[in-house]
Amino acid sequence: MKSYRHELWFETPTRRAFVRITDEIVQCVRSSGVREGLVLVNAMHITASVFINDDEGGLHADFERWLEKLAPEKPHSQYAHNGAEDNADAHLKRTVMGREVVVAITDGRLDLGPWEQIFYGEFDGLRRKRVLVKIIGE
Amino acid sequence: MKSYRHELWFETPTRRAFVRITDEIVQCVRSSGVREGLVLVNAMHITASVFINDDEGGLHADFERWLEKLAPEKPHSQYAHNGAEDNADAHLKRTVMGREVVVAITDGRLDLGPWEQIFYGEFDGLRRKRVLVKIIGE
Amino acid sequence: MKSYRHELWFETPTRRAFVRITDEIVQCVRSSGVREGLVLVNAMHITASVFINDDEGGLHADFERWLEKLAPEKPHSQYAHNGAEDNADAHLKRTVMGREVVVAITDGRLDLGPWEQIFYGEFDGLRRKRVLVKIIGE
């Protein structure tokens, strides 16, 4: 069994952002030399997400509005978590979007459907944060 | 290490549907010959879901109503994604339900709890779509 | 390839509860002898969750209020599932929080970010329920 580990670093210039990372994961799969296996891609921070969906700007605007409806950022005082912090909404938004994805590796390639793209979802940005890529297989 | 890959195809006769696929995954585990490992089951489309819950019609009706409340289909014009498309709500609903499940394989069997059943969740049906089953183990 | 399986049992004294289980998973990783691999931690019951987030009481109170807003327990009669049962809301809440997490094992250790803690989320407690820990790797 082979294994491979890599970290991706982000510092988004806005509090919330979606960053496409499919190409970076493809590169990790290549570097790993794994032909058949699984890749785990997870946010290492609890106010960020890794998810798979469409690379379409309109949809990303819909996600932003929808998450603000489900778990509004303001007023900050509505959340018990927001004493020294102001990011309770980011914990909730990331919960909706998910912490991680697991993707198959087949014949040395990321085994994605035709429209599947992997994204980093940031909900409390303006600081350096990480995503973990872990591959196991053969 | 052994690996196994299989696709399940669906074309639901309604826009939204839940289809139980536990038996198909059990069959994949058998065919793989894997005794100890993991099976990844994921929608290959971004308006569909694979999830685990109860095989109970009342609950499925509750899911349908609940998802329509959280992310209503209509009016289509409420979503920026809906220019040429009308399925923005399906992207959001699938986000709530999840893209994938990972299930343990133990002693050659799917290692599920007593009431766990695996479902394909369709939110933009009436077309052919796929689920990927990937198994690794020994 | 090595594999390891363990069950954690819970019986929470309240209908809803969050229980930190990071230490138990660390112990499983040690017992497995796996240095590089993946650990799957999943609820074996469909009204419970395993998720990763912050070990902070204010945030847990926020989760409780937020989930009650998204999928209120009462009136029980609002859900088709609640004939003989009264736990439809628990099925929905667990869907938001997620069934499982997959975590990397690197150099014999659970490969978590600085604030990541693993939790069992109970939404229909007062009875004995299980979490499955499955490890594969080398």
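These exercises explore a predicted model, each with a worked solution.

**Exercise 1. The fold of chain A**

State how many helices and strands chain A has, and give their order along the sequence.

*Solution.* 
- Start with the counts. Chain A has 3 helices and 8 strands.
- Next, read along the sequence. The pattern is β-β-α-β-β-α-α-β-β-β-β.
- Then take the extent. The C-alpha trace of chain A spans about 50 × 30 × 20 Å along its principal axes.
- Now turn to burial. Chain A has 138 residues, and 65% of them are buried.
- Finish with the contacts. Consider those in chain A between residues at least 6 apart in sequence: 82% of them join residues at least 24 apart.

**Exercise 2. From chain A to chain C**

Find the rotation that superposes chain A on chain C, and name the kind of axis.

*Solution.* 
- Take the angle and the shift. The rotation is 120°, with 0.0 Å of shift along its axis.
- The RMSD is 0.0 Å.
- Name the relation. This is what a three-fold axis does.
- Locate the axis from chain A. Among the residues of chain A, Val96(A) comes closest, with its C-alpha at 3.6 Å from the rotation axis.

**Exercise 3. Enclosed space**

Work out how many cavities of 30 Å³ or more the structure holds, and describe what lines them.

*Solution.* 
- Count first. There are 2 such cavities.
- Take the largest cavity. Its space is about 660 Å³.
- The lining of the largest cavity has 40 residues. Nearest its centre lie Gly98(A), Gly98(B), Glu100(B), Gly98(C) and Glu100(C).
- The largest cavity has 22 nonpolar, 9 polar and 9 charged lining residues.
- Move to the second largest cavity. Its space is about 50 Å³.
- Link back to the axis.

**Exercise 4. An aromatic pair in chain A**

Classify the pair of Phe18(A) and Phe123(A), and say which parts of the chain it links.

*Solution.* 
- The structure holds 21 aromatic pairs over all chains.
- Recall the two values needed. A pair of aromatic rings is described by the distance of the centres and the angle of the planes.
- Apply them. The ring centres of Phe18(A) and Phe123(A) are 6.2 Å apart, and the planes meet at 80°. Planes over 60 degrees apart count as edge-to-face, so this pair is edge-to-face.
- Place the residues. Phe18(A) is in strand β2 (residues 17-20), while Phe123(A) is in the loop between β7 (117-122) and β8 (129-137). They are 105 residues apart.
- Compare accessibility. Phe18(A), at 22%, counts as partly exposed. Phe123(A), at 1%, counts as buried.
- Widen the view. Both belong to one aromatic cluster, together with Phe51(A), Phe63(A), Trp66(A) and Phe119(A).

**Exercise 5. An aromatic pair in chain B**

Is the pair of Phe10(B) and Tyr120(B) stacked or edge-to-face?

*Solution.* 
- Read the geometry. The centres of Phe10(B) and Tyr120(B) lie 4.0 Å apart, with 10° between the planes.
- Classify. Planes under 30 degrees apart count as stacked, so this pair is stacked.
- Phe10(B) is in strand β1 (residues 2-10), and Tyr120(B) is in strand β7 (residues 117-122). The pair therefore ties together parts 110 residues apart in sequence.
- Check burial. Phe10(B) is buried at 9% relative accessibility. Tyr120(B) is buried too, at 0%.

Conventions: Residues numbered from 1 in each chain as written. Chains lettered and ligands numbered in written order. Predicted model: local features only at pLDDT ≥ 70, side-chain atom pairs only at ≥ 80, totals over all residues. Heavy atoms only, no water. Least-squares fit on C-alpha atoms with pLDDT ≥ 70 in both. 1 Å grid on protein atoms, 1.4 Å probe; cavity = no way out; pocket = protein on both sides within 12 Å on 5 of 7 lines; lining within 4 Å. Points joined across faces, edges and corners; volume = space filled by probe spheres on them. Nonpolar A, V, L, I, M, F, W, Y, C, P; charged D, E, K, R; others polar. Phe/Tyr/Trp six-rings, centres within 6.5 Å; stacked < 30°, edge-to-face > 60°. Helix = DSSP H or I, 4+ residues; strand = E, 2+ residues; numbered from the N terminus. Buried < 20%, exposed > 50% of the residue type's maximum accessible area, 1.4 Å probe, protein only. Contact = heavy atoms within 4.5 Å.
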